[in-house]
Structure formats: C-alpha cells, structure tokens
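Please look over the sequence and the structure shown below before reading on.

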Amino acid sequence: MMKHSEKIILLVEDNPDDELLTLMTFRDNNITNEVIVARDGEEALDYLFGTGKFTGRDMNILPQVILLDLKLPKIDGLEVLQKIRSNLITNLLPVVILASSKEEIDIMKSYQLGAYSYIRKPVDFEQFSIAIKQLGLYWLVFNESHSGIALAK
Amino acid sequence: MLKYNIMEQITEFFEKLFSVASWPARWCCGNWTEFHGWLYIVSDLAIWAAYFVIPILLILFIKKKPSIPLPTVFWLFGAFILFCGLTHLIDAIIFWWPAYRLSAMLRFITATISWITVVAIYKYIPVALSLKTTKDFEAELLERKKSESKFMGLLESAPDAMVITSSDGKILMVNAQTEQVFGYGRNEIIGKEVEILVPERFHHEHTSHRQGYVKHPKVRGMGVGMDLFGKRKDGSEFPVEISLSPLKIVEEEAIIVISAIRDITKQKETEAQIRKLNENLEHLIIERTSELELALKKEKAARIEMDQNQLRLTFLNKASNMLASSLDYSETLKNLANMVTPEIADWCAIDEVEEDGTVMRIVVEHVDPEKISLAYELQQKYPSDPSVPGGIHEVIRTHAPELYPCIPDEQLESLAHNQEHLRLMHELGIRSVIIVPLLNRDKIYGVLTLGLSDSGRLFDENDLEFAKELARRASLAIENAKLYKEMQDSNAELELRVAQRTTELEAINKELEAFSYSVSHDLRAPLRSIDGFSNKILKDYSTLFDDQGKDYFNRVVIASRHMGHLIDDLIKLARISRIDMNKEEINLSAMAQSIISELKESNPERTANIYIQDDMIITGDRNLLYVALHNLLGNAWKYSKNKSETVIEFSTIQKDGQIVYFIRDNGAGFDMRYVDKLFGAFQRLHNLSEFEGTGIGLATVLRIIRRHHGTIWTESEVDKGTTFFFTL
C-alpha cells in the first residue's frame with residue numbers, strides 16, 4: 001500500500017466535473033494512488049518545481065504519471081509539457097495528455113514535446129472509464145517495478 | 001683669078017652680087033645656035049614655070065587639107081622645087097643678063113634647101129612608111145563605120161540620155177533618149193553648147209565645171225551629192241543624175257565627153273515618198289518614244305510613290321512600335337515628333353487639348369534644333385487666335401484635318417500681326433502645312449501639326465492621308481496609355497480591397513478555427529459531465545429509481561452521445577472547407593471496393609449485390625474523395641438495410657459530353673418534395689429511430705464535390721431507392 005501511495009498521480013484538470021469523473025473512475029478501477037490535482041498550468045508547475053504554494057514541499061517525491069489536460073487557464077497544457085521536458089528534474093516524467101480535442105495539431109505537438117500518450121476524453125463515460133482503467137493499469141500496476149529513470153531507458 | 005684672097009673674094013662676091021660688068025651674056029659665050037640657045041632658054045623657062053606652079057599647088061593642097069600628114073616635108077619640098085625653078089629661070093636670064101654671082105647664090109640656096117629636104121625626107125621616111133594608104137583608110141573607114149554604127153547602136157539603145165560633147169562643150173552627138181527626155185530633135189541641139197540642156201541659173205557654174213573636167217578627165221559622176229537638174233525644150237526642169245566619161249579621140253588629139261543623163265524624177269518622187277514615209281516613221285517613233293518616255297515617267301513616278309508608300313509603311317510600323325513601347329504618352333508624343341521631323345516634315349508641333357479645352361503646346365521639333373525655341377517663341381508671343389478660321393483651333397473645333405499644300409507669301413503676310421511675327425514665321429518656314437486631330441471616338445486629345453519650310457518639297461493628299469494614319473495610331477496609343485493608367489489605378493484599388501478582404505477573411509477564418517476548436521473542447525466537456533454523471537447515477541444509485549426514472553436517465557445519456565456525434569461531424573465539415581487540396585490520380589473504383597468491403601464487414605449478415613464499374617480514374621484529393629464516397633456508399637448501405645437484398649451500383653453515364661458518376665441503391669428513398677433540404681447541414685429526411693445519422697454527411701459530400709468544381713444532384717423515390725449523380 002505504501003508503495004502504491006508513494007506513486008503519486010498528478011492530474012492537471014481545470015474542469016471540476018472532469019476531475020470528479022476521473023477520480024471516480026480511478027476509484028471504480030481500484031486505483032488508489034494519491035492523486036494530486038492541479039487546476040491550472042501554473043499550479044501544476046508550482047507543484048513540480050516546488051514553487052508558489054508548493055514552496056518547500058519534499059522535492060524527492062515526484063509523480064509516477066502526469067495526466068495533463070491541454071486547455072488550461074493561465075498556462076496551457078502544451079506549455080506545461082514543454083517546461084516539464086526542459087527541466088532536468090522532470091524531463092523524464094511520463095506525461096499522458098488527456099484532452100477533449102481531437103485536433104491533429106494538438107496531437108502532433110503533444111507527441112513532439114514528448115507526451116507518452118494522447119487520450120481523447122470521450123463523451124461516452126463508459127468508454128472514458130475503460131480508457132482510464134487501461135491507463136492506470138499500465139502505468140501504475142504493470143510498470144510498478146519501473147522507476148521513472150528506468151522507464152526513460 | 002687667084003690674086004684675091006678668100007675673104008676679099010667673098011666680099012667682092014656679095015658687093016657685085018647683081019653686077020654684070022665682068023661677065024658676057026651667055027649668048028655671047030660659045031657658039032650658040034638660035035635653036036640651041038632658045039631651046040635651052042625656053043626649056044629652062046618651062047621648067048621654072050612648072051617649078052613655080054608645083055609649090056603653089058602644094059600650098060593650096062595643104063591649105064585645103066590641113067589634116068595632111070607631114071606638112072613640114074611638104075613645105076620644104078615646095079621651097080626646094082621653087083628654088084630649083086629659080087635656078088632654071090636665072091639660067092634663062094643669063095642669056096641676056098650675066099648675073100653669074102646671083103646665079104651662084106641661087107644655086108647655093110637651092111642646094112641648101114635641097115639637102116635640108118633630103119634630110120627631112122630621110123627623117124620622115126619611117127613616118128611616111130606608116131602612113132596609110134587609101135586602101136588602108138578605106139578598110140579602116142569601114143571598120144570605123146562598123147564600130148561607129150555599133151557605137152551609135154549602143155548609144156541609141158542606152159537607157160539613159162547620152163550626150164556627147166566636145167572638150168569645148170559643143171554637143172556632138174545625142175541619142176534618141178536625149179530627144180525624148182529633153183524634147184529637142186537632135187538637129188536642134190547638135191553643135192550647140194551643152195548648156196542648152198541646163199537651167200539658166202546653173203549655166204555659169206556648169207561652164208566652169210565643164211572646163212575643169214576637161215583638164216582632169218576621168219570617169220565619174222557629176223555633181224556628186226548635189227541635186228542636178230535638166231531643162232527641157234519647153235523650159236521645164238527635171239532632176240537628173242549624170243555620169244561623165246571622157247573619150248580620147250586619137251586623130252584629133254582632143255577629148256570628147258560622154259554624159260549619161262538619167263531622168264530621176266520618178267526616183268526623186270520615190271525618194272521623196274520614202275523621205276516622207278521616213279519622216280512619218282520618224283514622227284511615229286518620236287511620238288512613240290515620247291509616249292514611252294511618258295509611260296516610263298509614270299512608271300517611275302509610280303515606283304517612287306510605291307517606294308515612298310513602302311517607306312511610309314515602314315515608318316508607320318516603326319512609329320506604331322514606338323507608340324506601343326511606352327505608356328507615358330507625353331513621352332511618346334515627344335518621341336513621335338522626334339521621329340517625324342527629319343523623315344516626314346521639316347518641323348512638327350503637337351498641342352494637347354486639356355480637359356477644360358485649353359490648348360497647350362507640349363512638343364516642337366525642327367530639323368534645325370536652333371529653330372525649336374523659335375517655334376515656342378512664336379507660339380508665346382503670337383498665340384494662335386481661336387476666332388481666326390483655319391489652323392489648330394479650327395481643327396480642334398471641327399475635328400477635320402487640314403492641308404495647306406503651299407502657303408503663298410501674301411497669305412503669311414496677311415496672317416502676320418507685324419513684321420517680327422512675319423519674320424518669325426519665315427524663319428520657322430511655313431510653306432506647306434498639315435494639321436491633323438489626335439482623335440479617339442470623337443474625343444480630341446490634341447493636334448499634330450507637320451510643316452515644311454522652303455525646302456522645295458510640298459505636302460500633298462498622300463502626305464495628308466499618311467499624317468491622318470499616323471495621328472490615328474498616335475491617338476490609339478494615347479488612349480491605350482490612358483486606359484492602362486486607369487486600369488493600373490483601379491487595379492491598385494482592387495488589390496488594396498482584395499488585401500483588405502483577405503485580411504478580413506483571414507481574421508474570420510481564425511475566429512472560425514478558434515470557434516471550432518473551442519466547440520470541440522468546450523461543448524464536449526458539459527456533455528461528458530451529463531453523460532458521466534447520468535451513468536454514475538444509473539450505476540451507483542439505480543435502486544433509488546424506478547424503471548421510468550432509469551429510462552429518463554438513459555435518454556439523457558443517448559441524447560448527450562448524439563450531441564457528441566453532432567459536434568464531431570460539425571468539426572469535420574468545417575475542416576473540409578478549410579484544409580488544402582492535394583490533387584493526385586485516384587482510382588475511384590478501388591476506393592469504392594474497399595469502402596464496400598468495410599461496410600460488408602460491419603454487417604456480415606446482410607446479402608448484397610454490389611456492382612462497381614472498373615477503373616473509374618479521376619484527379620482529386622484522396623482524403624476528401626474518400627470521405628465523400630464513404631458518405632454516399634455508407635448512405636446507400638444504411639438506407640437499404642431493410643431490403644432483403646441490398647443492391648448498390650456505382651457507375652458512370654455520359655451526359656452532354658461529360659462523365660457523370662452515379663451511386664444507386666434500392667433503399668428507402670425519399671420524397672422528392674424535400675430534395676432541397678437534402679444537402680443542408682443537420683437536415684434529415686428520416687427520423688433517428690429509423691436511420692441513425694446527424695444530417696451532416698450530405699452537406700459534407702456537397703462541399704467536397706464543389707471543392708472539386710463538380711456538381712451533385714439526386715433522384716429518388718420512396719421505397720424504390722435513391723440515385724446520387726455527380727461530376728468531378
């Protein structure tokens with residue numbers, strides 16, 4: 001349990017409904033990892049770099065996976081991704097884009113910036129639930145033994 | 001006897017020549033008988049008498065016959081006989097008068113003459129031997145007569161009048177022709193001077209010529225190169241041709257002249273006739289020559305004109321090229337004036353008519369560059385008076401070209417305001433002038449004035465025509481330049497507007513993109529909430545609701561999902577109009593086959609009869625056409641799902657020379673009354689419970705076809721099926 005709880009999921013989502021639905025989906029699929037929710041891009045970066053309201057947090061703790069929405073207040077998802085990739089501490093963290101857009105340009109830019117995966121949030125909740133479940137299984141369960149650094153290899 | 005020496009004896013002899021003192025008369029010497037003595041005396045006297053008569057007879061003979069040969073011998077012989085007779089006489093006288101000395105003297109003279117005669121005779125023997133005898137003469141005479149008659153015959157039969165004259169010009173003989181030609185009987189003229197046959201006015205000349213001829217006789221024509229005339233008895237004259245030949249008469253030591261005279265009246269007439277003919281001919285030749293010369297002149301003039309025309313044409317072409325080369329028309333007109341000046345005119349001026357009607361001289365050219373300023377000076381100091389008839393103002397008013405072939409000095413004087421004005425005009429050289437308007441569709445741009453100074457050349461109608469043509473082309477060039485400028489202006493405006501619109505459109509496009517982006521994001525998020533929480537309620541709180549409540553929640557879920565599809569399709573539709581076309585060759589048949597296979601896989605339970613024509617190959621955007629075909633075939637598939645057998649045909653027909661593609665199904669069809677709604681977005685002709693769909697598919701197809709510059713239309717019948725036709 002400790003292990004699991006150590007593996008933090010950073011959810012960057014400004015829509016409270018989506019946040020709740022995502023958390024509910026985690027719970028339904030027995031994903032019990034600690035989920036840190038950042039409600040805009042700035043907050044996400046503050047958390048990752050220990051700045052702003054997260055100043056002084058234990059920087060040894062890094063999220064196992066970052067679920068990143070693209071359309072975010074203040075700093076949008078792609079910019080957040082770019083900053084994550086340009087920082088030595090965070091540049092190897094797996095980032096999965098969770099977006100409502102299916103625009104090619106968004107998909108392309110995301111991958112260019114080093115997103116590990118791109119999931120389009122479907123309207124159909126059931127499908128969304130399936131997607132989240134697979135995601136959690138992959139990153140949190142099946143790849144449990146892998147550290148971020150190992151993954152980067 | 002011998003007591004005297006010889007000289008004394010001679011002297012005494014001649015002193016006592018007639019002395020009879022020392023001598024007795026013969027009667028007294030010897031014994032003369034009467035008889036003896038008288039016989040002697042009488043015989044001597046008889047001899048003397050005879051010897052006296054003989055010389056007289058000889059002299060008479062010689063006198064009578066001057067042609068006697070050897071007259072000297074005759075004379076000597078006569079003298080010899082006479083002296084012989086005298087010796088005999090003195091012998092008889094001595095019988096009474098003993099003049100023995102005289103007798104001796106006589107005898108001496110007689111002896112001397114005798115010997116002279118002997119010598120003479122001796123000397124003349126050969127001559128005497130050659131002298132013909134009478135017989136000879138007779139024979140000769142006969143011969144002569146024969147040859148004479150032959151000669152006479154020839155003479156008579158000669159075709160010309162033959163006149164034989166002596167060396168002193170007396171007519172000796174004439175022939176019958178002469179009588180006939182001259183009208184004289186021969187007896188009338190023989191012995192007369194030949195001048196009787198010559199007109200009086202030539203007598204003097206003829207006589208001297210005749211005498212000259214006798215001195216240097218030879219056969220020749222008479223008066224060569226001169227017109228000779230004969231005179232008839234009746235005084236009339238006629239032209240003759242005469243040839244002369246001298247004839248030497250041996251016996252007479254003289255020449256006679258034979259003249260052959262030919263009446264050449266006929267010949268002269270003929271000659272005159274020939275001359276006249278020649279003259280006529282010559283006249284004709286001269287006439288023809290002058291005609292020919294005229295024709296040549298005309299031809300030359302025509303050639304010159306042609307050359308000139310050619311030159312002008314070349315010039316016009318050159319001018320046209322020049323005129324077309326620039327769109328700055330004031331520059332063009334300056335070039336034109338420059339071109340015209342040395343080649344066509346001595347000077348050239350172009351005046352422009354402004355919009356308000358004022359006339360402005362824009363260019364002047366002159367062969368003598370120094371005189372250009374003169375022209376401006378003239379124009380400035382003495383601007384042409386619009387009220388005076390003629391000149392540029394008249395041309396501007398009437399639009400009619402003017403030609404002043406030759407302006408006389410008086411006219412210039414009458415036009416001049418003062419002496420200086422006149423001087424300026426003279427210096428500029430205003431002798432021949434053409435003024436043509438620069439016109440285009442009755443709008444006058446200006447006037448072109450061409451001038452010639454006193455160079456000897458003058459303008460004519462041809463020059464006017466040429467100037468008109470030149471002006472026409474220049475006007476066209478001006479019009480073109482103006483139009484071009486207008487067009488450029490309006491083009492620039494248009495471009496500005498296009499740029500504005502483009503910017504606007506780009507802004508709108510951006511807005512649209514932002515809109516569709518936000519639609520895809522923002523509209524979907526609430527749907528997710530609706531769907532997600534409804535789902536959650538149904539799952540986690542289903543015990544709280546009865547079946548009806550559950551049904552309501554289900555409806556909420558279905559509706560939100562449908563709306564999700566609508567949004568997705570809408571985004572697709574927007575994208576179709578936006579994305580760039582990428583044209584390539586596409587095999588529609590293959591593409592349709594793959595779509596049909598996909599459709600069959602999705603409903604493997606259905607029986608289907610599908611016909612797709614082979615190798616329908618077109619050029620277009622692969623992605624877009626795929627979407628269109630997918631929609632159309634998908635519709636055909638979808639709307640025929642209730643048939644026991646689905647029949648779909650994708651093929652082509654020819655219509656108006658164009659390939660028309662069609663996709664036909666045997667599906668539900670629709671009422672053609674609603675055909676207008678068919679291609680509108682969100683327009684549906686069937687309800688969702690019958691056939692699912694968002695009503696955006698055909699709107700998408702229409703846009704794709706239109707982007708390929710094609711058209712699409714449909715035919716349908718309820719329950720029979722639908723056919724979509726399209727062109728690409």
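## The second largest pocket

In this predicted model, the lining of the second largest pocket is made up of 19 nonpolar, nine polar and two charged residues. The space within the second largest pocket comes to about 760 Å³, and of the 30 residues that line this pocket, Ser384(B), Gly391(B), Leu415(B), Met425(B) and Ile430(B) are the closest to its centre.

Several elements of chain B each supply at least two residues of this lining, including the strands β7 (347-353), β8 (359-366) and β10 (432-440). The helices α11 (372-381), α12 (392-398), α13 (409-415) and α14 (419-428) of chain B also each supply at least two residues of the lining.

Leaving aside neighbours within four places in sequence, Asn440(B) is in contact with Tyr445(B), Ser475(B), Leu476(B) and Glu479(B).

Ala471(B) lies in helix α15 (residues 461-540) of chain B, and at 1% relative accessibility Ala471(B) counts as buried too. When residues up to four places away in sequence are not counted, Ala471(B) touches Val436(B), Pro437(B) and Leu438(B). The C-alpha atom of Ala471(B) is separated by 9.9 Å from that of Leu336(B), although these two residues are 135 residues apart along the chain.

## The largest nonpolar core

The largest nonpolar core has 34 residues, of which Leu588(B), Leu629(B), Leu633(B), Phe650(B), Ile663(B), Ile712(B) and Phe726(B) touch the most other members. The elements of chain B that give two or more residues to this core are α17 (588-602), α18 (622-639), β15 (646-655), β16 (658-665), α19 (697-707) and β18 (721-726), and the largest share, eight residues, comes from α18(B).

Which residues does Leu629(B) contact, leaving aside its neighbours within four places in sequence? Leu629(B) is in contact with Leu588(B), Met591(B), Ala592(B), Ile595(B), Gly634(B), Phe650(B), Ile663(B) and Phe726(B). Apart from this core lies another one, of 33 residues, among them Leu323(B), Ile344(B), Ile434(B) and Ala477(B).

## Enclosed cavities

The model has three cavities of 30 Å³ or more, and the largest cavity holds about 40 Å³ of space. The largest cavity is lined by Leu588(B), Leu625(B), Ala628(B), Leu629(B), Leu632(B), Ile705(B), Phe726(B) and Leu728(B), and by class this lining has eight nonpolar, no polar and no charged residues. With four residues, α18(B) gives the most to the lining of the largest cavity.

## Confidence in the prediction

For the model as a whole, the scores are ipTM 0.71 and pTM 0.39. Chain B has a mean pLDDT of 84, with 98% of its residues reaching 70 or more, while the mean pLDDT of chain A is 81, with 86% of its residues reaching 70 or more.

Within chain A, confidence is highest in helix α4 (residues 77-86), at a mean of 92, and lowest in helix α7 (residues 148-152), at a mean of 39. Over residues 1-5 of chain A the pLDDT is below 50, and beyond near neighbours in sequence this stretch has four contacts in the model. The pLDDT is also below 50 over residues 144-153 of chain A, a stretch with ten contacts in the model beyond near neighbours in sequence.

Notes
Residues are numbered from 1 along each chain as its sequence is written. Chains are lettered from A and ligands numbered from 1 in the order in which they are written. This is a predicted model: local features need pLDDT of at least 70, side-chain atom pairs count only at pLDDT 80 or more; totals for chains, interfaces and linings use all residues. Side-chain values use heavy atoms; hydrogens and water are left out. A nonpolar core is a set of buried Ala, Val, Leu, Ile, Met, Phe, Trp, Tyr and Cys residues joined through side-chain atoms within 4.5 Å. Buried means under 20% relative accessible area, exposed over 50%, partly exposed in between (1.4 Å probe, protein chains only). Contact means heavy atoms within 4.5 Å. On a 1 Å grid over the protein atoms alone, a cavity is a set of points where a 1.4 Å probe fits but cannot get out, and a pocket is an open set with protein on both sides within 12 Å along at least five of seven lines; lining residues have an atom within 4 Å of a point. Grid points are joined across faces, edges and corners, and a volume is the space filled by probe spheres set on the points. Ala, Val, Leu, Ile, Met, Phe, Trp, Tyr, Cys and Pro count as nonpolar, Asp, Glu, Lys and Arg as charged, and the others, Gly among them, as polar. pLDDT is the predictor's confidence in each residue, from 0 to 100.
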